[in-house]
Structures are given as structure tokens and as C-alpha cells.
Amino acid sequence: MVKPLDYNLLKVLDVLLEEQSVTAAASRLHLSQSAVSKQLNKLRETFDDQLFERTAYGLKATPRAMQLAPELRDVLQRLEQFTRPSTFNPAASQRKFRMHIVETAYSLTYPNFLPQLLKEAPQVSINSNTWSFDSMEKLLRCEIDMGIICREWDKRSAIHVNNLPAELGFSELIRDYPVCLVRKNHPALKEKWDQQTFLKYRHLQVIFGGLEQWLLDEVLRLEHLHRDIAVNMTDFNCAMELCEQSDLILCAPRRYIQKMVTNYDLVCLDVPVALEPGAYVLVWHKHFNQDPSHTWLRNLIIDGVKSYRAEE
């Protein structure tokens, strides 16, 4: 006899498969641990399998659960698409969007679309998180609605725009390129500013956007050259303070730091390495292509940043 399936339990199973923990799953689902445990018991009855075994490191999925995992995401996406409204009224919507964004993109994008969003859709909200190493997987699993990431147009880069996964749609928002920052009275300012001088001094590097290295370093490596990185960090404000107080050279995206640099006693120089400008790119899973609310937000972001570029 086929047991009836409560489709509301599928989301619980999906989250448990990802988190491998009742506690973490309960937190994500905004439920109590006892509620998730009860739903897990119902899932076990439905599939006639334990689904998860307790270990010292959390839950371990059974072979049956692992077998279900690949099809589960597709089923959930189809259910979401099936129940999705065919029209979207921004003024009446309470839609909650989930976005992951590289740190340097916030100031270039949010001020240019969010005021219009709040005007058109006063009850819509956006849950933003910083883009990290697992954000791409979340995007591919449709756990987040969209992302704003850095990608390159330089053919030498491993993260070329054309190398994005085929499942994703994308739209270029704005192009940018790196510049160098040095303190005023830095000894390099008394020398010829070229690649040799650039590589002579030690560097301060900021890693952001889930990337382990810059295009600049990829290109230098092709020429059997490298920067001497003295410090790696994740905060540009702190990096600029350190740059201001040392002989370290800091490379940073021009558009992001052009307003910030006025608050520091720093000099801006071109990077003496030939590079194609990169881009901030809006990305989303093609599963959302026909979603009217998703289309509305994408267009709002694209048009807002386009207007900002036109005003420069």
C-alpha cells in the first residue's frame, strides 16, 4: 500500500540533507527542534527508511536518503513553479527575496535601485548576505534568488563571464578595474612607476567575493612573476589604514574605493599590468526566468545601475 505523501515535509527533508543536523535545520526552518524531529519521524514512516543515522558528527544520510536527494530539489522547484502566481503586483506583495552579494558591490548597486523598490513595493523585503565560497552552490540549488558577483572579461582568467554555469542567466551591471594605493611620500613615488617598481615593494591584499586570488595575480603568474603579499585580509577600510601607515601597496577596485579614498592620506596609481576591465554581474538560476516577481526585481536592479552609469 502506497503511503500518502505530505508535500510540506519535502522541504524539511531537503534542509536536513543539507544541514545534517536537526538543530541547524530547525533554525533555518524557524521551527522548534521537537517539531523537526516529529516531521523526520513522519518522513521515516512515509519512505519506510531511517533516512538519517545519528553519529558523533551529526546526522548521516542513509543510502535511501542519498538516492532521494538529487530528485528532491527538482520536485521542490516544480512545486514552487506550479504554485507561483502568474502575475505580480509590487504594491501589494510581501515577497521576501534572498540575495548574496560581493562586499564591494553594495555601494555600487543598492543606492541605485533600493529607493525605487521601496517606493513601488513598500512591503517587499530583501535578505542580503555576503557572497561566499558556498554561494554559487546555493544559487544553483535555487536556495537564493540571485547574486551580484565579480567576473572577468579577460581571456586569461579562470572566472571569465562565459565560464558561468549553463543553468544561470546573467546581466552585466557595471565594469571596473583595479588601481594601486600607496601612502603619500611613499618611496615608489620618487621612482619610475612601472611593473618593476610595482613588484619591488610588498603588498597588502584584500580577498572578497569568495575569490582566492585576483586576475592580476593570474596574469603575473603567466609571466612567471608574482607579488610579495605581506598581509591578506578581508576588510578594505582596515587595509587602507594599514596602507596609509606603511610602505605596503594596496590594489583595489577603482569604483569601490574612489569615494572612500578621500578619507585617507593615499595616492592612487594605475596598475602597471595590462588587464581587461572586469565586471559586476547579476546572476540567477534560469528556473526563475518566468517568475514575474523575480523579473521585476532583476529589471529594477539592471535599470537602476544603468541610470547610475549614465550619470557618471
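Helices (H or I, at least four residues) and strands (E, at least two) are DSSP runs, numbered from the N terminus. Axes are lines fitted to C-alpha atoms, for helices over the stretch in contact, and angles run from 0 to 180 degrees between N-to-C directions. This is a predicted model, where local features need pLDDT of at least 70 and side-chain atom pairs count only at pLDDT 80 or more, while totals for chains, interfaces and linings use all residues. Residues are numbered from 1 along each chain as its sequence is written, and side-chain values use heavy atoms, with hydrogens and water left out.

**Helix packing**
- Helix α2 (residues 22–29) packs on helix α3 (residues 33–47) at about 105 degrees, with the axes 9 Å apart.
- That makes α2 roughly perpendicular (65 to 115 degrees) to α3.
- V22, T23, A25, A26 and L29 of α2 make the contact (heavy atoms within 4.5 Å) with Q33, V36 and S37 of α3.
- Helix α1 (residues 8–19) also packs on α3 at about 105 degrees, with the axes 10 Å apart.
- Therefore α1 and α3 are roughly perpendicular too.
- On the α1 side, L9, L10, V12, L13 and L16 meet V36, Q39, L40, K42, L43 and F47 of α3.

- A cavity is a set of points on a 1 Å grid over the protein atoms alone where a 1.4 Å probe fits but cannot get out; lining residues have an atom within 4 Å of a point.
- The count comes to one cavity of 30 Å³ or more.
- About 320 Å³ of space lies in the largest cavity, a volume being the space filled by probe spheres set on the points.
- Its lining has 22 residues, with C150, E152, F208, W214 and P253 nearest the centre.

Technical notes: Angles under 35 degrees count as roughly parallel, over 145 as roughly antiparallel, 65 to 115 as roughly perpendicular and the rest as oblique. On a 1 Å grid over the protein atoms alone, a cavity is a set of points where a 1.4 Å probe fits but cannot get out, and a pocket is an open set with protein on both sides within 12 Å along at least five of seven lines; lining residues have an atom within 4 Å of a point.
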